[in-house]
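Here are my notes on the model, point by point. Please read them with the structure open.

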Amino acid sequence: MLVVMKHNASQEHVDAVVATIEDMGYSARPIPGGQRTAVGLIGNDGGVDSARIQGLEGVLEVIPVTQPYKQVSREWKEEDTLVTLPNGTVVGGPEVVVMAGPCAVESEGQIIDIAHRLREVGATILRGGAFKPRTSPYSFHGLGLQGLELLAKAREATGMMVVTEAIDPQGVDLVVEYADIVQIGARNMQNYPLLRRAGQAGKPVLLKRGMAATIDELLLAAEYLLAEGNNNVILCERGVRSFDNHTRNLLDLTAIPVVKSLSHLPIIADPSHGTGIRAKVIPMARAAVAAGADGLMVEVHPDPPRARSDGAQSLYPEQFEVLMDQIRIIARSIGRDLVAPLPSAVAL
Ligand code: PEP
Ligand code: MN
């Protein structure tokens with residue numbers, strides 16, 4: 001439920017609304033806005049008797065939030081959420097952001113080399129797994145702490161921001177020390193203790209859609225992060241299971257306009273895991289930008305046949321350059337652009 005204050009309501013009026021909501025046993029979240037202040041009521045999973053609040057001084061109207069998710073909904077907050085990173089990259093604004101890098105960090109040479117090449121052609125965020133959730137227990141599970149240290153080195157060398165996955169609640173604290181964005185993977189989208197810890201992390205979170213999750217389930221998973229006080233959440237469509245086996249997953253591009261209408265949070269697309277096939281990544285990346293994605297996450301490896309994970313879907317660096325040129329044109333054709341490249345002076 002959202003309590004909209006009159007434009008001339010005083011701070012005392014807002015405080016009285018907060019106190020009343022708390023007295024009723026719920027939590028209150030004041031939401032200052034350009035035009036008006038609102039106070040959100042959370043903690044209810046059913047109807048709330050709003051008569052007590054309606055009668056308070058300074059209250060314009062009480063609006064029920066009809067969706068099961070509250071703080072992530074457009075009803076709660078109309079303006080788009082912008083996630084601003086320390087290197088100036090903004091996710092969710094008019095410019096399309098590109099996160100790229102190998103599936104996993106494998107060595108210092110690999111990650112530093114690829115980071116330079118990606119930065120040169122305009123990527124501003126470096127991806128790379130240090131903790132890899134793998135379908136088989138016998139597959140490569142990442143370099144762990146050493147992988148995080150190498151990502152931090154790559155950031156220092158290039159000025160790119162780092163996004164990397166945390167796979168358990170304890171791991172969040174470690175990832176937060178090294179990364180600029182904490183990734184929650186598809187397999188963990190409904191790992192609620194992990195979501196709660198990531199919500200307390202104090203750093204932006206990239207939340208990937210589970211491979212069998214509905215859009216409402218994705219938004220409710222994001223609600224866990226906002227409920228812990230983290231508003232810097234980026235959603236990611238990375239494909240869902242389908243009955244067809246020509247691709248690894250079915251990249252659900254409809255999710256992009258659907259999420260945009262339901263939520264103020266930015267949403268990006270991952271055509272790499274979404275297709276699982278190198279030759280399909282560029283066409284689906286183009287389509288995702290055309291569909292209104294706020295960004296892309298793309299796997300690129302300096303030597304895909306030798307990649308320790310997801311080589312079959314990893315682009316060669318030369319292909320990534322083609323992708324960047326093509327999506328720039330598409331972004332411009334819909335009144336957007338790509339995030340400006342980082343200045344080369346950062347690379348020493
Ligand atoms: C990844 O981004 O490396 C990854 C494991 O993706 P997902 O969680 O979408 O499978
Ligand atoms: Mn991968």
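1. The model is predicted. Its largest nonpolar core has 73 residues. Those with the most contacts inside this core are Ile-111, Leu-118, Leu-207, Leu-235, Leu-296, Phe-320 and Leu-323. Helix α7 (residues 215–227) gives the most to this core, contributing 7 residues. A second core of 15 residues is separate, and includes Ile-125, Val-163, Ile-234 and Cys-236. As background, nonpolar side chains in soluble globular proteins tend to be buried together.

2. Take Ile-111 as a worked case. Neighbours within four places in sequence aside, Ile-111 is in contact with Pro-102, Val-105, Leu-126, Arg-127, Leu-150, Leu-151 and Ala-154.

3. Next, the metal. Cys-103 (SG), His-273 (NE2), Glu-299 (OE) and Asp-310 (OD) coordinate the manganese ion (ligand 2), at 2.0 to 2.4 Å. Along the chain, the donors follow the spacing C-x169-H-x25-E-x10-D. His-273 sits in helix α9 (residues 271–275) and Glu-299 in strand β14 (residues 295–299), so the pair links distant parts of the chain, 26 residues apart. Both His-273 and Glu-299 are buried.

4. Which residues are around ligand 1? Among them are Arg-127, Lys-132, Glu-165, Gly-185, Arg-187 and Arg-238.

5. For Ala-186, a backbone N or O atom is 2.7 Å from a ligand 1 oxygen atom. On its own, ligand 1 has 290 Å² of accessible area, and the protein covers 97% of that.

Terms used
Residues numbered from 1 in each chain as written. Chains lettered and ligands numbered in written order. Predicted model: local features only at pLDDT ≥ 70, side-chain atom pairs only at ≥ 80, totals over all residues. Heavy atoms only, no water. Donors = N, O, S within 2.8 Å, 3.2 Å for Na, K, Ca; no water. Helix = DSSP H or I, 4+ residues; strand = E, 2+ residues; numbered from the N terminus. Buried < 20%, exposed > 50% of the residue type's maximum accessible area, 1.4 Å probe, protein only. Core = buried A, V, L, I, M, F, W, Y, C linked by side-chain atoms within 4.5 Å. Contact = heavy atoms within 4.5 Å. Near = heavy atom within 4 Å. Polar contact = N/O pair within 3.5 Å; in protein donor to acceptor, adjacent residues only side chain to side chain. Areas by Shrake-Rupley, 256 points an atom, 1.4 Å probe, with all protein chains shown as cover.
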